[in-house]
Structures are given as C-alpha cells and as structure tokens.
Amino acid sequence: MSSPSSIIPASKQHLVPTSGTYPTGFKVTGLHCGIKKNGIKDLALIVSDRPCTAASVFTTNVFKAAPVLLSREILEKKSGQNIYALVTNSGCANAVTGVKGDENAKKMSDEVSKLVGVESSTLVMSTGVIGQHLQIEKILQGIKSGYQKATKGTHKEWIEVAEAFMTTDTFPKLRSGRFVLPSGLSYNMAGITKGAGMIHPNMATLLAAVVTDAPISAPVLNEALKYAVERSFNAISVDGDMSTNDTFAVLANGAATSDQGKFINDVKGQDYLKFRDDLTNFAADLAKLVVRDGEGATKFVTIHVKGAPTFSDAKKVASTISTSALVKTALFGQDANWVSFIPTDGSTPLKLLTHGEPENVDEDRALEILKLEELEISVDLGIGNEEAKMWTCDFSYDYIKINAEYRS
C-alpha cells in the first residue's frame, strides 16, 4: 500500500513540513475509506472537543456543489456558532449530482454530528471527479472508524489529514504556527489546503481549512476571514478557472484560554487586528503552496503592483497580468515582456519599461532571470500609494497533458 508521501517529487519535498505546532482541543485523522484506489487516503476528519465559532467563504461559481450548499446552510442556521467538526472526502466532488448529491452531503454531516452528539455541527468538503455520486456507504463506514481512530493531532496525523485532501496535488499542503496577541495571549493555528488546477478567484482554491484555539466571536471571525481571503486565496491564479466546490473554512474553539474576558469581540481592538493579520499571512502562505503545485507549473511568480489609487485598483491590474495566457506562456518560453523583473536570488532587478518608455534591454540578463524558478513581476502605476500582490505560475506543455488526461 503506497502513501502519497512516498511519491512526492524531489523538487517539492522541501515544501512539506517535518514538524509542527498545533492547536489544542482538536482530534484529527486521515484515512482510506475506499473512494480512491491503491489504499490512498481519501477521507479526513477534524473534530473539536468543545464548540467552535466558524466562518467560511465559498465559490462564487453559479454552479455550486452539494457540500458547498450544505455547509453554507449550516453556518447560516447556527450563526457561525456551535460547530464541532469538518469532514472532507477526496476522489469525488459530489458536484452536478442533483437531489441525491444533496442527500449524500447531509448524510456525511449528520453521521459526524451524531458521533459528536450535537445536531448540525459538522461542515462538509468534497473534491475530485465531477458528475459522479459519492460511494456514501464506504464514506459513512470510514467516518465511524475514523472518529474512533482520531487522536489529539500529532504532526503525523496532521500530515495524514493533508494527504486525504489531495487529488491532482503532488504534495500534502500543511502549515502550522504559534502566535502571540498584544494582550499576551498565545494561540496556535493549523491549516490545510489542496489544489493544483481550476484555481482562480473568487474563491481561488479548491479547498482550505484553518483551525485555531484562539478565542474569537463568530461575527469578528467572519470579518477577519473576509479581509484575509482577499489577500490570500483570492490573490492566486493558476489557470483562470473556478471550481464548483471552492471552500475556505476557519474554526476557532477558544481552547487557548478559559478566561471569557480574553475573547476577541472588538474589530477595532489591537488583539483583533493582530489576529486578522496573523490569519492573513498564514492564509497567504497556504495559498502560495497551491500556486507552487500548479498543474505542470515550472515557475512561481509574484505579481506586485504599486502606485495605485486603491487596493482594488492595484489588485485588478495584478489579476489581469496573472491570468494572461500570453504572459504565462511567455514565462514558460522565457520571453521578456514589458514589465520589470525582480529576481528572487537577490541580484539586480531588470527594468524593461520606465515611465511608459522602453529600456535598452539586456536580453542575456532577461533570459538569466526568466530561467529562475521564482521571480517577481513589478509594476509601478505612479498614480497613488496603494499596492497589491498576486501569485501565479506559468503555462507549460504538461498543463495541457494533465488536464487532457484527468476525467472531470
């Protein structure tokens, strides 16, 4: 029985953490329930030992998969409170599956909620092939055995959860960390994401989940998530396509403190602003992992637009560049376009256009920069003080091969 970790490409192994710091009060597991072949993990459970506040953003695609509709309904019904768990399957997206798909998503949620002992307390995510029904009996049996198997998340268990999220991903995408608020309270975050294709705002990833033991109210958590997602998962693009299943959920169980006075309730407070920025940077790190695993990608590219009147204006320009098929194929073909290239090896930047006038370009130097696996494209509009970043990759021959062969 092979594990995905045994076949991670050598070039991606450094992106998989070998240790971590994880939030208290959560039990997790990742296992094989029978959706995928060859014993590859396809079911993940994250369960809190106490009620969580929760917030989520979902695909803006007109066609929304059953788990998206159900999770949104649960969050609205519960006002983002008394959520205990997240169950995720890979291998089948449960999208374009009609009434039966809705029923199967609810069965997944209800099974975990029954084990937890709290009705409508479980969010659901699914990813994989579209247009097929879930093998629901295998999943329900997997949930039962997984719930018994789940332990206080050591690093090994968290990696297994990340593996169970994977579809065309070449490596499990996991991050964790410890943070300190201005009030002195320490808390932890763990995050998992998956995605390699159909990556574009809004939402801009297939699946992402962050869990934390920070104490924060549901409305305030929702505000932090909206801010963070615009600067992370809505700031990446692989191929300009949205998925039917895109979901980014955050669960906070407050286990970092027993003092109700420590709960973050004020969106103007220093603790909130620090938590919001921690979540934003943490989500951005996760989002970058998706781009680094872009289907067939050979380059990781930061688009940095400065000198704009507003953040929205800067982001619109960055999005135009990051989604341009001409730019992305030129990056793969190592053809210099009319922008400024900032090498990530610390060497001198190369300006191709200044104040609307073309520079006398050193073609050899341009080729040296474009051969790097990482680079930054910098654009200074010169009409304001706001800036925005997006992260993207190139289009290669392999992108076409992967998507021509992957059943959707």
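Which side chain makes a polar contact with the side chain of K194? The side chain of T127 does, at 3.4 Å. A polar contact is a pair of N or O atoms within 3.5 Å; within protein, one must be able to donate a hydrogen and the other to accept it, and residues adjacent in sequence count only if both atoms are side-chain atoms.

This is a predicted model, in which local features need pLDDT of at least 70 and side-chain atom pairs count only at pLDDT 80 or more, while totals for chains, interfaces and linings use all residues. Residues are numbered from 1 along each chain as its sequence is written, and side-chain values use heavy atoms, with hydrogens and water left out.

**View 1. The whole protein chain.** The chain holds 10 helices and 17 strands. Helices (H or I, at least four residues) and strands (E, at least two) are DSSP runs, numbered from the N terminus. Of the 408 residues, 56% are buried. Buried means under 20% relative accessible area, exposed over 50%, and partly exposed in between (1.4 Å probe, protein chains only). Contact means heavy atoms within 4.5 Å. Among contacts between residues at least 6 apart in sequence, 81% join residues at least 24 apart.

**View 2. The largest nonpolar core.** This core has 108 residues. A nonpolar core is a set of buried Ala, Val, Leu, Ile, Met, Phe, Trp, Tyr and Cys residues joined through side-chain atoms within 4.5 Å. W158, F233, F248 and F275 have the most contacts inside the core. Helix α6 (residues 270–292) gives the largest share, 11 residues. In soluble globular proteins, nonpolar side chains tend to be buried together.

**View 3. K194 in strand β7.** K194 is found in β7 (residues 186–194). K194 counts as buried because its relative accessibility is 0%. An unreviewed UniProt entry lists K194 under "binding site", along with T167, T205, E295, N403 and S408. UniProt positions follow the numbering used here, feature names are shortened, and annotations may be inferred rather than shown by experiment.

**View 4. D293 and K173.** D293 lies in the loop between α6 and β11 (300–308). Its relative accessible area is 3%, so D293 is buried. The side chain of D293 makes a polar contact with the side chain of K173 at 2.6 Å.

**View 5. Helix α1.** Helix α1 (residues 66–78) has 13 residues. From first C-alpha to last it reaches 18 Å, close to the 18 Å expected at 1.5 Å a residue. The expected span is 1.5 Å times one less than the number of residues. Buried residues of α1 include V68, L70, S71, I74, L75 and K78. Their cover includes β2 (43–58), β3 (83–92), α2 (98–116), β4 (122–129) and β10 (247–252). S79 follows α1, with a positive phi near 55 degrees.

**View 6. Helix α2.** The 19 residues of α2 should span 27 Å, and the end C-alpha atoms are 28 Å apart, which agrees. Among its buried residues are N104, M108, E111 and V112. The buried residues of α2 pack against β2, α1, β3, β4 and α3 (136–149). Just after α2, G117 takes a positive phi of about 95 degrees.

**View 7. Q13 before strand β1.** Q13 lies in the segment before β1 (26–31). Q13 is partly exposed because its relative accessible area is 45%. The Q13 side chain reaches the backbone oxygen of I8 at 3.1 Å. Q13 and P172 are 159 residues apart in sequence, and their C-alpha atoms are 9.7 Å apart in space.
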